[in-house]
Amino acid sequence: MTAGGGGSREYFEEVKRALDGALPQAEAFIGELYRAYLDDRQIFMIGNGGSAANASHFSQDLNKGTIESPSASKRFRAVSLTDNVPFLTALANDEGYDSVFAGQLKALGRPGDLLVAISVSGNSLNVLRAAEYASGHGMRVLGIAGRSGGRLAELAQESLRVPSDDAGVVETVHSAVFHLAVAQLRGRIAGQRRGGS
């Protein structure tokens, strides 16, 4: 079922069903992010269209929304590779759009880093190329997708799949899970600081 042809109530019911289906996978996803924080690893985020917007929003939320005060010394190190427009367009022009994320990882990524790859279909070529590069160079890949997970689910070490075929529903649930992650991570980090003092 897709939510596009129904009314408002049907749409939000579909969002709720999809969110209920995704939440059991959220704990592992949040755990991966927390371990990256503890290990001071770089987190890269990628996506196209609405997923690019989610990647940009989520990276700034991790960096800013997880700290209790501006004086916090330890922070997430997250960056969205959708935001460096000069680098992205140079890669697209010279190497093709399929290389816009892998090319950035070649310059910026290191073994042990984390790639959060967001694709509703799980089959976006530029996302897959980046996931392939990351996996082949010692980075860990978290795939965030829709129902099937596509090829991305095969490449990722961990994946979160939203059980819906409606792109809008999937992107809405991705955003909700990202906000949940920020809230829970903020709580874990605050608890760790209190426990360590």
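**Exercises on packing and charge**

At 39% relative accessibility, arginine 147 counts as partly exposed, a class lying between buried (under 20% relative accessible area) and exposed (over 50%), with a 1.4 Å probe and protein chains only. The model is predicted: local features need pLDDT of at least 70, side-chain atom pairs count only at pLDDT 80 or more, and totals for chains, interfaces and linings use all residues. Residues are numbered from 1 along each chain as its sequence is written, and side-chain values use heavy atoms, with hydrogens and water left out.

**Exercise 1.** Identify the partner of arginine 147 in a salt bridge and locate both residues.

*Solution.* Step 1: apply the criterion, a side-chain nitrogen of Lys or Arg within 4 Å of a carboxyl oxygen of Asp or Glu. Step 2: the partner is aspartate 165, with the closest N and O atoms 3.2 Å apart. Step 3: arginine 147 lies in the loop between β4 and α6 (150-155), and aspartate 165 in the loop between β5 (158-161) and α7, 18 residues apart. Helices (H or I, at least four residues) and strands (E, at least two) are DSSP runs, numbered from the N terminus.

**Exercise 2.** Determine how many salt bridges the whole structure has, and describe the one between glutamate 32 and arginine 140.

*Solution.* Step 1: the search finds eight. Step 2: the side chains of glutamate 32 and arginine 140 meet at 2.9 Å, N to O. Step 3: this pair joins helix α1, which holds glutamate 32, to strand β4, which holds arginine 140, across 108 residues. Step 4: glutamate 32 is buried at 3% relative accessibility, whereas arginine 140 is partly exposed at 28%. Step 5: Glu32 and Arg140 also belong to a salt-bridge network with Arg35.

**Exercise 3.** Describe the largest nonpolar core and the surroundings of phenylalanine 29.

*Solution.* Step 1: a nonpolar core is a set of buried Ala, Val, Leu, Ile, Met, Phe, Trp, Tyr and Cys residues joined through side-chain atoms within 4.5 Å. Step 2: the largest has 33 residues, and those with the most contacts inside it are Phe29, Leu33, Ile43, Phe58, Leu62 and Val116. Step 3: elements giving two or more residues include α1 (8-38), β1 (42-46) and α7 (167-196). The largest share, ten residues, comes from α1. Step 4: beyond its neighbours within four places in sequence, phenylalanine 29 has contacts (heavy atoms within 4.5 Å) with residues including Phe58, Val116, Leu142 and Phe178.
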